[in-house]
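Dear colleague,

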Amino acid sequence: MTDATLPRKGDARTRRNVAVLVMAQAFLGAQMPMIFVVAGLAGQSLASNVCFATLPISLLIVGSMLSATPVSALMQKYGRRAGFFIGAAGGAVGALVGAYGLYLGSFPVFLLGSLLSGIYMSAQGFYRFAAADTASDAFRPKAISYVMAGGLVSAIIGPQLVKLTADAMVVTFLGTYLAVIVINIVGSALFLFIDIPKPIPPSADSPRGRTRMELLKTPRIAVAVICAMVSYALMNLVMTSTPLAVVGCGFSANRAADVVTGHVLAMYVPSFFTGHLIARFGVEKIVAAGLLILAAAGAVALNGVEIENFFVALILLGLGWNFGFIGATSMLAGAHEPHERGRMQGLNDLLVFGGVTVASLSSGGLMNCSGGDAQTGWTAVNLAMAPFLVLAGGALIWLMMRPKEAD
C-alpha cells in the first residue's frame, strides 16, 4: 500500500458521512432561509413597536447561542447522531409554537417559537465539525467545504417554499411554519445513516486538555474565533435587515425573497471550491479575502437602493461569509486536540452566535429606528460593518506576521 492510497481509504467513511450531512444541510437547512425571509416581516406585523420587528430573528440566534454548549457536550458524550436528532426536534417544536403564535396573533408566543427554533440552528452549526471528525488532515477543509455546499439546495428550496406557503392559509406565513415542521420530521431520518463513532469516555489517566481560557489564549484559536464571529455577525447584521430594506424601498416581498435566494446561493456555491482554495493558498489568505469581500458588499450597499444594488451587495455578502467563515472553521478544526473537541467547538459557537445575537438585535434598531426612512436605516446598517472588519483584519494580520516557531 502506497502513501498516496492512504488518504483515500482512510476517508471512505468520511465521504459517506459528508454525503449524509450534505443532504441534511440541503433539506433540513431550507428552514433557515425560510425563517430569515418571513420572521422579520411577521414580527413587523405582530410587534407593537416596529423597532422590535427583527426580534424573532434575534431570539432564534439567542436560542442557538444558549444551545451551543449543551448540544456540544451532549454530542461529546452520546455522539453526533443524538445531537442532530435533538436539533431537528427543536426545529419542529419551535415551528409549531411559532405557528401557534401567528394563529393567535401573539408576538410573545411567536418569539418563544423563535427561541426554540434556535436549538435546530445550533445543531446545524455542528454539521461542519462533524464532517471533520473522521477526516484526514488533507481532506478536512474539503469535507467542511462540501457540507457547507449543501446549503446551495436549501438556498433554492427555502425561498421558493416561502412563495408557495406564505399566503397559502388565511393567516399570513402560517403555512410557512407548518412546512418547517414537516421538513424537520422528514429530514431527521437522514441521521439514521450517519456513521461517526461516539467519543471514547476519558479514563482516569487520559489527557484532560486545555481549559477554555487556555484554548482562547492560543493565538491561532483566538484569531479563528474572532474571524468567525465577525464574518457570521456581519452577514447576519445585513441579511436580517435586507427584507425590511427591500420592501421599505418600494419592492415586493417576492423581490425580497429573490434577493435572499441570490444571497444564500452566494453563501454556498463557492463551497464546492473553497476547500481546494484553502489547500492551495492557505487558510489565512482565504479568510483575508473573505473580509475584503464583506467590505466590498458594504460599499455596494451604500452606493444606492436600486434592486441591482441589493442583489450585488447581498451576493458579495454571501461570498465574503463563505470564505471568512469556512476559512475560520478550518483554522479552528486544526488547532485543538480531539479530546478538546466538545469543549472548544461548543465555546466557539457560543461566542460566534453571541456576536450574531448582538448583530441581529442591532440590525432591527439600526434599520427601523436610526432615521426617518428605510434608506437611512439601510445606510446605518452597512456603515456599522466597518469597525468590526478592521478588528478582524488586524487580528489576522497579527497572526500572519507572527514567527512560525512562536506557534
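How many aromatic pairs does the count come to? The count is 13 aromatic pairs, where rings of Phe, Tyr and Trp (its six-membered ring) pair if their centres lie within 6.5 Å, and where planes under 30 degrees apart count as stacked, over 60 as edge-to-face and the rest as tilted.

Before the details, please note that this is a predicted model, in which local features need pLDDT of at least 70 and side-chain atom pairs count only at pLDDT 80 or more, while totals for chains, interfaces and linings use all residues. Residues are numbered from 1 along each chain as its sequence is written, and side-chain values use heavy atoms, with hydrogens and water left out.

One of the pairs joins phenylalanine 139 to tyrosine 146, and it is tilted, at 6.3 Å centre to centre with 55 degrees between the planes. Phenylalanine 139 is buried at 7% relative accessibility, whereas tyrosine 146, at 27%, is partly exposed (buried means under 20% relative accessible area, exposed over 50%, partly exposed in between, with a 1.4 Å probe and protein chains only). The rings of tryptophan 321 and phenylalanine 325 are stacked, because their centres are 5.4 Å apart and their planes stand at 20 degrees. These two residues, tryptophan 321 and phenylalanine 325, both belong to helix 16 (residues 307–333), where they are four residues apart, about one turn of the helix; helices here are DSSP runs (H or I, at least four residues), numbered from the N terminus. Tryptophan 321 is buried at 1%, and phenylalanine 325 is buried at 3%. Elsewhere, ring pairs link Phe84, Phe85, Tyr127 and Phe191 into a cluster.

Turning to the helices, helix 5 (residues 80–104) packs with helix 10 (residues 174–187) at an angle of about 160 degrees, with their axes 8 Å apart (axes are lines fitted to C-alpha atoms over the stretch in contact, and angles run from 0 to 180 degrees between N-to-C directions). Helix 5 is therefore roughly antiparallel to helix 10, a term used for angles over 145 degrees.

Threonine 176 also has its place in helix 10, and this residue is buried, with a relative accessible area of 1%. Neighbours within four places in sequence aside, threonine 176 is in contact with Met34, Val38, Val162, Thr165 and Ala166, contact meaning heavy atoms within 4.5 Å.

Key:
Parallel < 35°, antiparallel > 145°, perpendicular 65-115°, else oblique.
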